[in-house]
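Here's a quick briefing to read alongside the model. Have the sequence and the 3D view open as you go.

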Amino acid sequence: MRSIPVNAEVTPQGPAQVLRLCGLAVSFTTPAGVVCAASDVSLQVARGECLGVVGESGAGKSVSFLALLGLLPPNARVQGAAQFCGTELLRAGPRALERLRGAAIGMVFQDPMTSLTPHLRIGEQIAEVLVHHRKLSWAAARARAQQLLTRVHVTDPAHRMAQYPHELSGGMRQRVMIAIALACEPQLLIADEPTTSLDVTIQAQILALLAELKREQGMAMVLITHDLGAVAGVADRVAVMRGGRVIETGAVAAILNAPHDPYTQALVRNAPRLTASAGVTQAARGQEAVALTLTDVSVEFSVGARWFGRAAALSAVNAVSFELRAGESLGVVGESGAGKSTLARAVLQLLKPSSGRVVWMGAALGELPAGELRALRRDLQIIFQDPLASLDPRRTVGEIVAEPLRVHAPELDAPARGLEVDAALRRVGLPATLAGRYPHELSGGECQRVGIARAMIVKPRLLVCDEPVSALDTPTQQQIVTLLAQLQCESGLSLVFVSHNLALVQRLCERVLVLYLGRMMELAPAQSLYARPLHPYTRELLSAVPLPDPQLQPARLARALPGEPPSPLNPPSGCVYRTRCPHAVAVCQQRVPAWELAGGDRQVACHRWREL
Amino acid sequence: MLRYALRRLGGLIPTLLVIVTVSFCIVRLAPGGPFDQEQTLTPAVRANLDHLYGLDQPLAAQYLHYLGGLLHGDFGPSLSQRDFTVTELIGQGLPVSITVGLLAILLALVIGIPAGIAAATWRNQGADHGLTLFAALAVALPSFVTGPLFALVFGLALHWLPVAGWERGAPRYLVLPVLTLALPVAAYLARLTRASLLEVLRSPWIRSARARGLGGTRVLWRHALRPALLPAVSYLGPALAYVVTGSLVVETVFGLPGTGRYLVQGAIDRDYPLVMGMIVVYGALLLLFNLIADLLYGWLDPRVRHE
Amino acid sequence: MAGSTRVCGMSEVLAAAQAGLWRRAGRRLASARGTRLALTVLILIALLAVIGPWFSPWAFDQLDWQHLAVPPGHVAAHWLGTDRLGRDLFVRTLYGVRLSLLISVLASLVSLVIGVAWGAVAGFAGGRTDEWMMRFVDVLYSLPYLFIVIILTTLFQRGSIGVLLIAIGAVGWLTTARIVRGETLALKRREFIEAARATGLTPAAILGRHIVPNLLGPVAVYATLTIPQMIIFESFLSFLGLGVQEPHASLGNLINVGAQEMQSAPWMLLVPALFLVTLLVCLNLLGDGLRDALDPRER
């Protein structure tokens, strides 16, 4: 490793601590007073070691590390000590910090969509760092940049060099961010929630890359995350933060297997994991009537169609069929772009399917007159991904929850409605006093409970949940899923649960439908699907789930498959999954696999499911 | 890029046709005619005049005839200044109007954008407050107030500059009209640039650029400036419209031989070909300018490049 | 800034800004000294315009042959001097303010009503309807609109306030319609509108209960910023001799006459110009203040 002038003479010998925080405290001066974001944070990271920093949002994880790099807004006050290879960061001037940032300390941020400068080509952005810190010529810097892209496994690096950030997928952008951070061979890499906004399969790829870099470059790494699964795969030691303080530190195995602090215990207990025995067994529902039937439902969007020029048809959902019995719960899983949310909306006719039928209790929803469909909506409710966005910011919680009653039970007077609202709020575990508040005064979890209360107040018979917890913290996710399970159990409603989180789906759903590029890949009872996935894509999804198990997870990460979903505008011929499938053969390119019965209740679309 | 520009240029033709059609309708459907004010005309003479200019034909025929003329660059004869064709009249005035207008826009860009950048860089300091206050005032001042005031102060009171005249575009005669037109545009540009630069400086990619150790100057010029200029570029089209409007006033106040007077007087005189000619010429200019602004926008922001 | 999982950070901020909007906007408006001053001055000018002329013995078109073109302060009865015909400038200017304010407020209303209706319907209906409605706006936009207004005002009855209103309003609504449509489209994509549809609300109920209330903020800001534009517009037309005609006074034609006389009687330009500029600056300050107060990003 090349040494950096700043620390050349002060690097301690031996297994040096690269970074040592001592009693770091961060506070912000705001109009409302001084807000303490972190206090008494003491941590250290050694060379070749990865420290995982976990905690909920607002725990002070990011703030602490942004503080020592001098990246907080001017109203921040930072105290304590932060030694980086012998340099006291908190007393270093802005120039000295600038020389360290990007050179000796690399940083990767959460959102690769917005963390790259939109108007500069990828190659320029990587090369710029080398020109700035290493004083390379632009030509040399570009050559090095291309090597770096290869290093982080960006496909077709020569071509990528000339592309703009918006032309890359989220995963590719995050790789570019990592390449920039690595450009000057830093001693320390700080990754701030590097995988939070990515799909589970891409998450696994990025985490695998980080693990590989740590192993091969021998640099120190800080992985800030709320996901214990990510920590289990990459980190050597873990620090748990809560309310701006470090409450527990230790080796990753110790923390994940035998946590001491009650908070950590709860975190570990709630971490999503795939259990060997499925959480929900399929009830015997042979006698229950089929409530919802989808037959060959397709949804197409036309893109690029303006006044002149031809429109391209984007097939978001392609010939999806399934039946759902009364009281049954179906999970719909897949990566983003798989058409899960589109399917959820098509079921409720919030989007008109371009072909196919949705039949609810014998009524073809697509053929009903608007008025009858509106009346039927009493039975069919939905909760949304973004809990806050799904509530009208100008209405109080009480008004929001009462709205379905105004439509479907207009005979109720105001006091009667008020009573119903109180009851509905209590059922979802909220105090009735919340009725007078506005959505922005609530937390994300509370907002989602309000959304559930609004859906449940008219006693629906089908509840469609569109990624209901993906915007929430892990502990809150668990609470919401538990609430949904309990409501379903009490009221016997049918549930369609759309999620990219297979661990949550396992906890809630009896059957699971796997979608890829809008096509059905596999439909099976949860128990058999999780125990023995038939479709290679289902396997990839399952193996990408980050398990909070430091014994298993590093090896699972190492097996992460490369590749990203192709553009839905231009899907591959034959089996759409073949471009990523490790088992693809010639026939996969030529023919679309049939949707076959695979014993029991299982169905699968794969040419080779029998042999694999 | 060139093909895209050419295609967009071709796309302007239908819009221009719509402009011609709509304005033809508005102009011709209004009550009154070009020779109403000349009360000495006998009916026979009037009929002759109407016949001479084709005004006795059905409107549709006149419209087609007018379009045919336009294809050859012929705007027809002026009805009020009967010794001249509209092409000649506009040809005389247009260079004056365009010189003043473009100089004003250039001046506004040269003053406004750097001022906005400076204000954002030294946010909440004296210079920023002073500039913000000045811009708030300048934006509120219409050209028909500043024009006479400038003439009063710099011309009549201080005798620095001539109050009116053109003298083939001698710089001394250009200063006050250009300044009058440029001032509010510059102030608006400064405000736009300041606000958008402040917003861009708050974006995640700026933090990320700083996390790479890039210095403040480099971050500002390389990473922040281009996206921060987008609102200013979008404003170029409206700015030209503003300048064209203002030139009506400025040309009156400073006695410039531009095209502005043709429009008002032409409309009052019901000089159909002259009014139509003005609308077509300025409509085409505005469309062209908007197209340039669009292309510039695409250059600044790769996300909107090529449709 | 304190959070590390910024998953719903932005939407939180946005929604927070929307809901507590009026309360916080009110607080911020009250705390902004410049805005408060602007509002006070505006109210004073408006009051003066309404009741001021009563305190002067002169009528707006009354000729005083004894005092032609008297500068301000020279004759006790003519506080702000007289014009070339001996008409009292104080009364005439206040008359002009009154007329300018009246026309601009009415024209703003006209353009707001048309613009909000057009924009909200286009944005909410979407699809073909939206495309045709907005294409219509685009076409009107691409006309050199001021030319059209000038032609309208000259070709139809010159100086008629009705024509003036229609001409100005006809132009103003285009921008309103665009802004409102943009806001409506943005709102329509928000999940709470989808939630309302899923609840079974009729389109009209969604428009009335959820979309229009959420539009009020941006529209209020835009309305305050429209009025000064309309004042400029009206004065501009009057300045060109196309708007309000003599002997009636508007700020525009007063300034026009003043500009012609500025060599010999500069006060004839300065008095109405001063009123106009004060009015415009105050209205702009108020609009900016309101916009900042409603803008979630400004702290």
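Patches are built from residues with over 30% relative accessible area and no salt bridge, joining like charges within 9 Å and nonpolar side chains (Val, Leu, Ile, Met, Phe, Trp, Tyr) within 5 Å. Accessible areas come from the Shrake-Rupley method with a 1.4 Å probe, and for residues only the protein chains shown count as cover. A salt bridge puts a side-chain nitrogen of Lys or Arg within 4 Å of a carboxyl oxygen of Asp or Glu.

This is a predicted model, where local features need pLDDT of at least 70 and side-chain atom pairs count only at pLDDT 80 or more, while totals for chains, interfaces and linings use all residues. Residues are numbered from 1 along each chain as its sequence is written, chains are lettered from A in the order in which they are written, and side-chain values use heavy atoms, leaving out hydrogens and water.

**The patch on chain B**
- L2(B), L6(B), L9(B), L288(B) and I292(B) make a nonpolar surface patch of about 490 Å².
- Helix α1(B) gives the largest share, three residues; helices here are DSSP runs (H or I, at least four residues; strands are E, at least two), numbered from the N terminus.
- L288(B) sits in helix α12 of chain B and is partly exposed, at 39% relative accessible area (buried is under 20%, exposed over 50%, partly exposed in between, with a 1.4 Å probe and protein chains only).

**Chain B overall**
- Chain B has twelve helices and zero strands.
- Its C-alpha trace spans about 85 × 55 × 30 Å along the principal axes.
- Of the 307 residues in chain B, 53% are buried.

**Where chains C and B meet**
- The contact (heavy atoms within 4.5 Å) draws 39 residues from chain C and 43 residues from chain B.
- Together they bury about 3,600 Å², 81% of it on carbon and sulfur atoms; buried area is the accessible area (1.4 Å probe) that two parts lose on being put together, summed over both.
- Salt bridges between chain C and chain B: the count is zero.

**Inside the protein**
- The largest nonpolar core has 166 residues, and F65(A) and F84(A) have the most contacts inside it; a core is a set of buried Ala, Val, Leu, Ile, Met, Phe, Trp, Tyr and Cys residues joined through side-chain atoms within 4.5 Å.
- Helix α7 of chain A (residues 200-217) supplies the largest share of this core, ten residues.
- In helix α13 of chain A (residues 397-408), nine of its twelve residues are buried.
- Cover for those buried residues includes α12, α14 and α15 of chain A, along with α8 and α9 of chain C.
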